[in-house]
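Take a walk through this model, one packing contact at a time. Keep the sequence beside the coordinates as you read.

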Amino acid sequence: MIRAGRQHLVRTLADLAAQQGVGIDHYTRLKPYDAPGFPKPISSQGSRIRLYDGEQVDAYLLGKPVPPLPEADDDGDLLDRRECAALIGVAPDSWRTYKRDPALTKARVEVGGVEHWPRHAVRAFQADRPGRDAPKPGRPKSTGDQVPRDQVHGLVAELLDADPTISAATVTERLGVHRNTGQDALTRLRADRIADHIAAHPTLTPGEAAAQLGYPAGQVRRATARAETVLRARHIAPYLDDVAAALHRAGWTTQRAAPDVQFPGDDRVVAALVLDDDQAPVPALVWDERYGWRTAASRRHPITKGAVPPSEGEGVRYLIGGITPPPGDIVAALTAKGPQ
């Protein structure tokens, strides 16, 4: 870190090379900064750009004792992204998300080509960031989410991009959403990304794909199960689209809409096709990968809750022909049955 009041003393390797009257390539080949006694970098370990305190370097080059840097933390200290992340207790890459906060953007300074933030600004962000006061491990059931539902997916995606190991509890704390909301978003995102990774590398198992993506084994049981379901849904998608096209050609849908695919319980694929034309024989059709096609009595809620399929009657009828009958057979079965 750059201690308070010492920003003007910061030097890069290029500055040190110029001080010695040599080019940077020659200087980095010689590596005089690795010699015993040479002052340690003030940049955090692992930083791509090394920064040094000029007062310390000058003393070393003159053969004088190298003065120590202040040891006590000061609100004016400048911290790089690794130090900022450590201060608030997150993974270094997570800072890429948090630094977009307007207050942090305003406080940012660049020293030696490296972004830094004053310690006081980071502490203020830590105290005020969304969800910080939420009880752990989640918000009370009576408390609403602090983030609109339509924004949760995108915000959690950013957090997952920055830190693949992030937990639902951390999402809850960062965003101020209910633990269940955070867990559901994480599961869905990880499942989709695991499925994408398997699509690119077909020999992988869901567990192997999750490991390659950096997801902790203890956090992805639901996500790997859902990823298998997502892959099955992608495999069946062309068939469902063909059925939707056949229903549209029959005049039972005013527009050729894509099937509404859902994953109840994360472990099965269910799709709904709403027949919105007034002359349609039924309000909607539902496809379940376990039972095939059935009619539905409701356009608004064609897919019923729960794992147990609805019984026949009151507008519900199971169509014969197996799990994936030809689209023409579905049209024929509905035509033969007549309006429900």
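## Helix pairs, a sheet and a buried threonine

In α4, C84, L87 and I88 meet R119, V122, R123, F125 and Q126 of α7. By class, the residues of this contact of α4 with α7 divide into five nonpolar, one polar and two charged. The model is a predicted one. Helix α4 covers residues 81-88, and helix α7 covers residues 119-128. Their axes lie 10 Å apart, and the packing angle is about 40 degrees. The two helices, α4 and α7, are therefore oblique to each other. An angle under 35 degrees would count as roughly parallel. The crossing of α4 past α7 is right-handed.

Two numbers carry this kind of description. Packed helices are described by the angle between their axes and by the distance between the axes. The next pairs can be read in that way.

Turn to helix α9, residues 168-175, and helix α10, residues 179-200. They pack with their axes 8 Å apart, at an angle of about 120 degrees. That angle makes α9 oblique to α10. The range for roughly perpendicular runs from 65 to 115 degrees. Here α9 passes α10 in a right-handed crossing. From α9, the contact takes A168, A169, V171 and T172. From α10, it takes R179, G182, Q183 and L186. The residues of this contact of α9 with α10 comprise four nonpolar, three polar and one charged.

Helix α10 also packs against helix α12, which spans residues 221-249. The axes of α10 and α12 come within 8 Å and cross at roughly 55 degrees. That makes α10 oblique to α12. The crossing of α10 and α12 is right-handed. On the α10 side, the contact is made by Q183, D184, T187, R188, R190, A191, D192, I194, A195, D196 and I198. On the α12 side, the residues are R222, A223, T224, R226, A227, V230, L231 and R234. What classes make up the contact of α10 with α12? It has eight nonpolar, three polar and eight charged residues. Q183 of α10 is one of the residues that touch α9, and Q183 is also among those that touch α12.

Now for the sheet. Strands of a sheet pair through backbone hydrogen bonds, in a parallel or an antiparallel way. This open sheet has four strands in the order β6-β7-β8-β9, and the pairing is antiparallel. Which strands stand at the edges? They are β6 (260-262) and β9 (292-296). Each has a single partner strand, so one side of each is left without a neighbour in the sheet. On average, neighbouring strands of this sheet are turned by 20 degrees against each other, direction ignored.

Look next at the pair β7 and β8. Strand β7 holds residues 270-274, and strand β8 holds residues 284-288. The two run antiparallel, and five bridges join them. L273 stands opposite L285 in β8.

Finish at T12, in strand β1 (residues 10-12). Is T12 buried or exposed? Its relative accessibility is 15%, so T12 counts as buried. The cut-off for buried is under 20%. Beyond its neighbours within four places in sequence, T12 is in contact with R50, L51 and G112. V111 is 99 residues from T12 in sequence, yet the C-alpha atoms of T12 and V111 are 9.3 Å apart in space.

Terms used
Residues numbered from 1 in each chain as written. Predicted model: local features only at pLDDT ≥ 70, side-chain atom pairs only at ≥ 80, totals over all residues. Heavy atoms only, no water. Axes fitted to C-alpha atoms, helices over the stretch in contact; angles between N-to-C directions. Parallel < 35°, antiparallel > 145°, perpendicular 65-115°, else oblique. Left-handed = near helix turned anticlockwise from the far one by under 90°. Contact = heavy atoms within 4.5 Å. Nonpolar A, V, L, I, M, F, W, Y, C, P; charged D, E, K, R; others polar. Pairing = 2+ DSSP bridges. Buried < 20%, exposed > 50% of the residue type's maximum accessible area, 1.4 Å probe, protein only.
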